[in-house]
Amino acid sequence: MDVSIVKNTEMKNIKLYISLTMVILLLGVSNESLAQNDFIVIVNKNVKEESLTQSNIRRIYFGFTTQWQSFEKVKPSYTEINNEAFWKYISTEKGKFKSFWTKRVFSGNGVAPDEFRDGRDVIDFVSRTGGAIGIIPSSAKGSIGPNCKIVSLK
Amino acid sequence: MKIEKVWSNDHRESSSPHNRSKDVRKGVVKRTLLVFGFIMFFTCQSHAQFTEKFRLNGYSSFEYENLLSNEGNSDPNGSFDADLIDLVVNVDITPRLRFATDITWEHGTATEEGIGNAAVEYAFPEYTIRNWLKFRVGKMFVPFGIYNEIHTAKPAFLAVKEPLSTNKPDKFGADERFYPRWATGISLLGNFALGNIQFEYNVQLSNGYQENTNPFEEDDNEEKALATRLLIQPTTDLKIGVSTYSDKVSELDGAGDDTGERTKVSSFSTHAEYTYKDLGLELEYITGKTNPSAPGDLTKNGFEGMLYYSLGNRFTPYVRYESLDPDTNVDDDKASMISFGLNTMIDENYFFKIQYNSISSGVNNSRFGGVDFSEIQAAVVLGF
């Protein structure tokens, strides 16, 4: 076989590998940036609030805010997996969040948010529970029924 | 009777015996399904309401301790200890009202044998007026420092046991603790934010500590104990706390009767908890004063500091140093301990802990008497 043909083939392969690597890297970066907004906050339809701040959400999930403006009890929930964007949003990590609640619950200082397997379970819980708030992946948006509403994040 | 009625009703409309028996079966099935449906509907409704209002949590701990030195105040036999099982119950009675209780059984409780201990750690209703204003009444933990409220909840902290110098000074050479573990009374508590800074406060008025009556049932004098704690969280990674405790305790004569004189007890502590990525640091300093009516004031000081590093949220090695001066007026009575440990998360909320302790003390320390020793402690703890 001609040496130049072999070299050309190798060069082509190298270019292909580099291109593939670039695509994978770009996909990784875009996934990372997508992850920042990859969750939706929903509440039971009876909750009056239409929008919440980052501070509001953080206070709710750390158990500092336990009542809505209407004095109805806040019942927070979230999904157990694919929730990295949410942990970042409330400036914590899953491990630290769980550790915080372990102390809180065992010391008698509150009840931990409900943890569900996936977004649909959260939607189901929020739909049937007055005062409930839930964090779901954006991909579960289509499953939101009439008993839930999306709150905007300020 | 119902079947007969069904049969008789259907009998009029059915012409053949085959159809009649078929219709009877249909009727029975319909009614059975209807009754079953009603039962399911109401059961599910009440079950959903029940599970939304009622929450059961708890924890258990199994421990091992072994003295490594030839002598020292530790377990020379390397004993296993079915340390405890605790059930924590929360009931949301109304949107404003929550009931919380923690019941514990320690060291393999068997009342017939008179071994172990069963106790109510806390039991109180909490009424929320606003997030910044809540009331509790009942038996509660005294809100003091980092550890008192979680001292039995082994899954809630890294080390095998809570620090002795600040939480069990009576096991480290002091006459008394800085404050009692529990109190019966009223608590006013809440939280609020000023800008990005989070505040939590707790003010507790209680019967306080006493020896001659059950402090959770009856106060032996008119003096009430006051415990306060303020927690400040300037950032998500830093928490600072200040706690106080004060009481006037009845002085008893030789027969156990109240002399009318009082011993003033007061304690003050400050603590900080800081995390930076996977690195964590906690510090607590506590000072306590006892002023009896007769001369003989006593001041004791305790300190603990712990540094830890979390490796992938599974392995957390830590080093902890603690020291206690049981009486600042007495020389050579201090005790200190340095601990090296590893906390391993086997599964979610299931941990294995192993810890090496090196203890040293002065000859006047009432617990250790200047005998330095080392020990190994291990625990398997579960939270749910």
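Tutor: Start in chain B: L252(B) has D258(B) as its bridge partner in β10(B). The model is predicted, so local features need pLDDT of at least 70, side-chain atom pairs count only at pLDDT 80 or more, and totals for chains, interfaces and linings use all residues. Residues are numbered from 1 along each chain as its sequence is written, with chains lettered from A and ligands numbered from 1 in the order in which they are written.

Student: What makes β9 and β10 of chain B a pair of strands?

Tutor: Strands are DSSP runs of E with at least two residues, and helices are runs of H or I with at least four, numbered from the N terminus. Two strands pair if DSSP finds at least two bridges between them. Strand β9 (residues 238-252) and strand β10 (residues 258-276) of chain B have 14 bridges, in the antiparallel sense. Therefore they count as paired.

Student: Which residue in the hairpin of β9(B) and β10(B) takes a positive phi?

Tutor: G256(B) does, near 90°. This hairpin has five residues between its strands.

Student: How do you know that β10(B) also pairs with β11(B)?

Tutor: Count the bridges: 13 join β10(B) to strand β11 (residues 279-291) of chain B, running antiparallel. V265(B) has T290(B) as its partner in β11(B). These strands form a hairpin too, with two residues between them. K277(B), in the turn, has a positive phi of about 55°.

Student: Now chain A. Why is strand β5 called mostly covered?

Tutor: A residue is buried if 20 or more other C-beta atoms lie within 10 Å of its own, exposed if 12 or fewer, and partly exposed in between, with C-beta atoms placed from the backbone. In strand β5 (residues 132-137) of chain A, five of six residues are buried. For the whole chain A, 34% of the 154 residues count as buried.

Student: What are the pairings of β5(A) with β1(A) and β3(A)?

Tutor: Strand β1 (residues 39-44) of chain A joins β5(A) by five bridges, antiparallel. There V43(A) stands opposite I133(A). Strand β3 (residues 75-79) of chain A pairs with β5(A) over three bridges, parallel. S77(A) stands opposite G134(A) in that case. In general, strands of a sheet pair through backbone hydrogen bonds, either parallel or antiparallel.

Student: What is the strand order of the open sheet in chain A?

Tutor: Five strands run in the order β4-β3-β5-β1-β6, with mixed pairing. β4 (114-116) and β6 (148-150) of chain A are the edge strands, as each pairs on one side only. Neighbouring strands are turned by 25° against each other on average, direction ignored.

Student: What makes helix α5 of chain A a packing partner of the sheet?

Tutor: Contact means C-beta atoms, placed from the backbone, within 7 Å. Helix α5 (residues 119-128) of chain A touches β1, β3, β4, β5 and β6 of chain A. Its direction makes about 160° with that of β5(A). Axes are lines fitted to C-alpha atoms, for helices over the stretch in contact, and angles run from 0 to 180 degrees between N-to-C directions.

Student: How many residues does each chain bring to the contact between A and B?

Tutor: Chain B gives 26 residues and chain A gives 21. Elements of chain B that each supply at least two include α2 (17-53) and β6 (182-194).

Note on methods: Contact = placed C-beta atoms within 7 Å.
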